[in-house]
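Please keep the sequence and the model in view while reading.

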Amino acid sequence: MPVALQLALKARATVSPHPVARLYRSIIKEIPRVLTIYDIDLPELQVRKEIRYKFKEYSKIRDQRVVDMLVEKGYMDLEEALLQHTQRSHLLRSLSHNVETKGSNRKRLGADSTIDEQFARSY
């Protein structure tokens with residue numbers, strides 16, 4: 001029998017005047033456990049700042065249907081992280097919003113690049 005927290009179902013069943021704040025508190029409360037599970041060496045304060053940044057990105061959305069969908073997606077993402085269904089690299093990518101790994105800011109291979117860098121870039 002699969003283990004499931006079913007956080008999204010519990011959140012949907014609970015009527016709250018501020019579901020976004022409830023999600024935010026749930027995520028903040030689980031930060032130490034997630035950092036331990038995935039063995040991430042980031043300070044808890046920095047992780048809180050990144051999560052706050054993610055919430056501020058969507059703060060201008062006023063359509064209640066979209067807000068409800070984002071809250072449920074947030075609970076599902078939290079549940080996946082707690083059940084270790086998320087890979088460590090995906091979690092690290094979502095916790096570092098200011099790192100660009102594609103496009104024009106990606107490291108370019110120059111004339112002085114090593115054979116290992118050239119090989120790694122070909123895949």
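Gln-84 is exposed, at a relative accessible area of 52%; by the scale used here, buried means under 20%, exposed over 50% and partly exposed in between (1.4 Å probe, protein chains only). The model is predicted, so local features need pLDDT of at least 70 and side-chain atom pairs count only at pLDDT 80 or more, while totals for chains, interfaces and linings use all residues. Residues are numbered from 1 along each chain as its sequence is written, and side-chain values use heavy atoms, with hydrogens and water left out.

**The loop between helix 4 and helix 5**

- Gln-84 lies in the loop between helix 4 and helix 5; helices (H or I, at least four residues) are DSSP runs numbered from the N terminus.
- Not counting residues up to four places away in sequence, Gln-84 touches Ile-37 and Tyr-38, where contact means heavy atoms within 4.5 Å.
- Gln-84 and Tyr-38 are 46 residues apart in sequence, and their C-alpha atoms are 8.1 Å apart in space.
- Thr-86 also lies in the loop between helix 4 and helix 5, and with a relative accessible area of 18% Thr-86 is buried.
- Beyond its neighbours within four places in sequence, Thr-86 is in contact with Tyr-38, Glu-80, Ala-81 and Leu-91.

**Tyr-38 and the nonpolar core**

- Tyr-38 touches Glu-80, Ala-81, Gln-84, His-85, Thr-86, Gln-87, Arg-88 and Leu-91, residues up to four places away in sequence not being counted.
- The largest nonpolar core has 19 residues, of which Ile-31, Tyr-38, Ile-40, Val-47, Ile-51 and Leu-91 touch the most other members.
- Such a core is a set of buried Ala, Val, Leu, Ile, Met, Phe, Trp, Tyr and Cys residues joined through side-chain atoms within 4.5 Å.
- At least two residues of this core are supplied by each of helix 2, helix 3, helix 4 and helix 5.

**Leu-92**

- Leu-92 is found in helix 5 and is partly exposed, at a relative accessible area of 26%.
- Leaving aside neighbours within four places in sequence, Leu-92 is in contact with Ile-40 and Leu-42.
- Leu-92 and Leu-42 are 50 residues apart along the chain, with 9.5 Å between their C-alpha atoms.

**The aromatic pair**

- One aromatic pair is found in a search of the whole structure.
- Tyr-24 and Phe-55 form this pair, which is edge-to-face, at 5.1 Å centre to centre and 85 degrees between the planes.
- Rings of Phe, Tyr and Trp (its six-membered ring) pair if their centres lie within 6.5 Å; planes under 30 degrees apart count as stacked, over 60 as edge-to-face and the rest as tilted.
- The pair links distant parts of the chain, with Tyr-24 in helix 2 and Phe-55 in helix 3, 31 residues apart.
- Tyr-24 is partly exposed at 24% relative accessible area, and Phe-55 counts as partly exposed at 22%.

**The largest pocket**

- The largest pocket is lined by 30 residues, and Ile-27, Lys-54, Phe-55, Gly-74 and Asp-77 lie nearest its centre.
- On a 1 Å grid over the protein atoms alone, a pocket is an open set of points where a 1.4 Å probe fits, with protein on both sides within 12 Å along at least five of seven lines; lining residues have an atom within 4 Å of a point.
- Helix 4 gives the largest share of the lining, 10 residues.
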